[in-house]
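Hi there,

Here is the structure I promised to pass along. Have a look when you get a moment, and my notes are below it.

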Amino acid sequence: MVTYRRAFISHSHSDNVIGGQIHAALVRRGVEAWIDLHDLQDGHFLGQEIQDELRARDAFILLLSPASEASFWVRLETQAYFGLMAQDQQRIMIPVRVASCPIPPFMNALKWIDAIGRPTEEVADEIARALVRGATPPRVTLPEVTAPPVVGPAFPLLASLRQLGFQARRSNGVEVIIPPTVFVPAGEFLMGSNKAQDPE
């Protein structure tokens with residue numbers, strides 16, 4: 001009987017539709033695959049559920065697109081998995097190009113799959129074949145990466161700070177206070193003031 005590796009699917013949330021389709025197709029084939037379609041990140045850290053799933057999976061499927069190449073979170077997940085691969089040579093990474101974008105040079109040594117213009121079921125078949133236990137995919141020379149911080153439980157924080165949206169975390173044994181952040185639309189903006197236009 002064919003058995004598959006347990007897979008973590010990393011993607012940009014801009015690619016939720018194709019990511020969800022590939023995930024569903026893999027599950028139909030008997031692959032135990034996990035994907036975050038609900039933004040489980042935590043401040044500037046990977047959420048605990050994401051960290052747990054990364055450690056529990058022996059295959060990392062990276063959905064490549066312009067959005068994923070620009071994604072801070074996809075980079076963080078990829079770096080975290082590179083760190084796990086460095087510790088366990090049995091783990092594998094499978095890049096899958098879902099939109100037109102260059103393949104990062106260090107990934108050329110990996111078996112990567114081009115999904116552009118192909119039916120999802122056909123792509124899922126190819127991914128599933130690469131996930132069969134016992135298959136020996138090409139190895140890659142791992143780039144040097146800094147492992148993301150290991151986030152521990154929160155520590156007590158002043159109620160006044162909590163009300164303002166601050167969070168408390170332990171990161172690599174150090175207690176840190178994380179200020180609230182907001183998304184700012186891309187584009188030009190004016191910082192400060194124009195003294196010439198200020199009223200006297």
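What follows is a short tour of what turned up, from the overall fold down to one residue.

First, a caution: this is a predicted model. The mean pLDDT over the protein is 79, and 68% of the residues reach at least 70. Strand S1 (residues 7-10) has the highest confidence, at 96, while strand S6 (residues 151-152) has the lowest, with a mean of 47. The stretch to watch is residues 138-152, where pLDDT stays under 50. The model does give that stretch 36 contacts beyond four places in sequence. Still, where pLDDT is low, the predicted coordinates should not be read in detail.

On the overall layout, the protein has six helices and eight strands, and along the sequence they come in the order β-α-β-α-β-α-α-β-β-α-β-α-β-β. Of the 200 residues, 40% are buried. Among contacts with a separation of 6 or more, 63% join residues 24 or more positions apart.

H1 contributes Ile18, Gln21, Ile22, Ala25, Leu26 and Arg28 to the contact, and H5 contributes Thr120, Glu121, Ala124, Ile127 and Ala128. Sorted by class, this contact has seven nonpolar, two polar and two charged residues.

The pair H2 and H4: here helix H2 (residues 48-56) and helix H4 (residues 72-87) pack at about 40°, with their axes 10 Å apart. The crossing of H2 and H4 is also right-handed. On the H2 side the contact involves Ile50, Leu54 and Arg55, which meet Glu77, Ala80, Tyr81 and Leu84 of H4. By class, that gives five nonpolar, no polar and two charged residues.

Is Ser12 buried or exposed? Its relative accessibility is 7%, so Ser12 counts as buried. Beyond its neighbours within four places in sequence, Ser12 is in contact with Ala67, Ser68 and Val74.

Happy to talk any of this through once you have had a look.

Best wishes

Key:
Residues are numbered from 1 along each chain as its sequence is written. This is a predicted model: local features need pLDDT of at least 70, side-chain atom pairs count only at pLDDT 80 or more; totals for chains, interfaces and linings use all residues. Side-chain values use heavy atoms; hydrogens and water are left out. Contact means heavy atoms within 4.5 Å. Helices (H or I, at least four residues) and strands (E, at least two) are DSSP runs, numbered from the N terminus. Ala, Val, Leu, Ile, Met, Phe, Trp, Tyr, Cys and Pro count as nonpolar, Asp, Glu, Lys and Arg as charged, and the others, Gly among them, as polar. pLDDT is the predictor's confidence in each residue, from 0 to 100. Axes are lines fitted to C-alpha atoms, for helices over the stretch in contact, and angles run from 0 to 180 degrees between N-to-C directions. A crossing is left-handed if the near helix is turned anticlockwise from the far one by less than a right angle, and right-handed if clockwise. Buried means under 20% relative accessible area, exposed over 50%, partly exposed in between (1.4 Å probe, protein chains only).
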